[in-house]
Amino acid sequence: MSVRECGDCTMCCKLLDVESIGKTAGSWCTHCVGHRGCAIYETRPPECRNFICAWLAGPELDERWKPSNCKFVVAPDGDALRLKVAVDPARPDAWRKEPFYSYFKNWIRQNAAAGAELLVLTGRRAIAVLPDRDVDLGVFTDDHRFILARTETPFGPRFEPLKVHKEDPRLRG
């Protein structure tokens, strides 16, 4: 449920894939009317109809987190422990600015042991944000998925991000 309204923000119309209409991440949707919204709002695809960004849903995120201000869209990716940050290709480092970067690092530090994943996407390029580092995973396609491999060390858990094919059996476990 949304606690806010989009207003003049249309960043999701640029930053997200909408497979059903062939719209790719990082390019403006042909149905987007800049700073006004969707020209086919009443008949928009299910991906759009069901999407709610973290700023819309989270009253704890202030106006700096509004996608049109910060130049990225944060959304759960399946569940509350998987976050995806879709970044405007015109501002690829927007997510690294403060207070955003500290927030992301704190979130993953607090939740990694519980299986949390934080993936930053700029177009098709993916970066896994880990408690101790950020790892560039290269170009992602629709056939790729991201998983974290966990290894116990004498100093605590160590996480390794893996880019795997969507049919990889480790995704089922």
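Is Gly 115 buried, partly exposed or exposed? Gly 115 counts as partly exposed, at 43% relative accessibility, where buried means under 20% relative accessible area, exposed means over 50% and partly exposed lies in between (1.4 Å probe, protein chains only). This glycine is found in the loop between α5 and β5. Its C-alpha atom and that of Leu 137, 22 residues apart along the chain, are separated by 19 Å.

The model is predicted, so local features need pLDDT of at least 70 and side-chain atom pairs count only at pLDDT 80 or more, while totals for chains, interfaces and linings use all residues. Residues are numbered from 1 along each chain as its sequence is written, and side-chain values use heavy atoms, with hydrogens and water left out. Helices (H or I, at least four residues) and strands (E, at least two) are DSSP runs, numbered from the N terminus.

Five strands form an open sheet in the order β3-β4-β5-β6-β7, with mixed pairing; two strands pair if DSSP finds at least two bridges between them. The edges are taken by β3 (72-76) and β7, each with a single partner strand, so one side of each is left without a neighbour in the sheet. On average, neighbouring strands of this sheet are turned by 20 degrees against each other, direction ignored. Such axes are lines fitted to C-alpha atoms, for helices over the stretch in contact, and angles run from 0 to 180 degrees between N-to-C directions. In a regular strand the side chains alternate between the two faces of the sheet.

Strand β5 (residues 117-122) pairs with β6 in the antiparallel sense over four bridges.

Helix α5 (residues 100-111) lies across β3, β4 (82-87), β5, β6 and β7, running at about 145 degrees to β5. The helix has 12 residues and reaches 16 Å from its first C-alpha to its last, close to the 16 Å expected at 1.5 Å a residue; the expected span is 1.5 Å times one less than the number of residues. Buried in α5 are Phe 100, Phe 104, Lys 105, Trp 107, Ile 108 and Asn 111. Seen down the axis of α5, these buried residues fall within an arc of 160 degrees, so they line one face of the helix; the arc is that of the directions from the helix axis to the C-beta atoms. An α-helix has 3.6 residues a turn, so residues three or four places apart point the same way. What covers the buried residues of α5 includes α4, β3, β4, β5, β6 and β7, with contact meaning heavy atoms within 4.5 Å.

Asp 77 sits in the loop between β3 and β4 and is partly exposed, with a relative accessible area of 29%. Leaving aside neighbours within four places in sequence, Asp 77 is in contact with Arg 82, Leu 83 and Lys 84. Asp 77 and Leu 118 are 41 residues apart in sequence and 9.2 Å apart in space, C-alpha to C-alpha. Lys 66, in the loop between α3 (54-57) and α4 (67-70), counts as buried at 12% relative accessibility. Not counting residues up to four places away in sequence, Lys 66 touches Cys 6, Asp 8, Cys 9 and Trp 55.

The cysteines complete the account. The structure holds zero disulfides, a disulfide being a pair of cysteine sulfur atoms within 2.5 Å. For Cys 29, the nearest cysteine sulfur is that of Cys 13, 6.1 Å away. Cys 48 has that of Cys 29 as its nearest cysteine sulfur, 6.4 Å away. Cys 29 counts as buried at 15% relative accessibility, whereas Cys 48 is partly exposed, with a relative accessible area of 31%.
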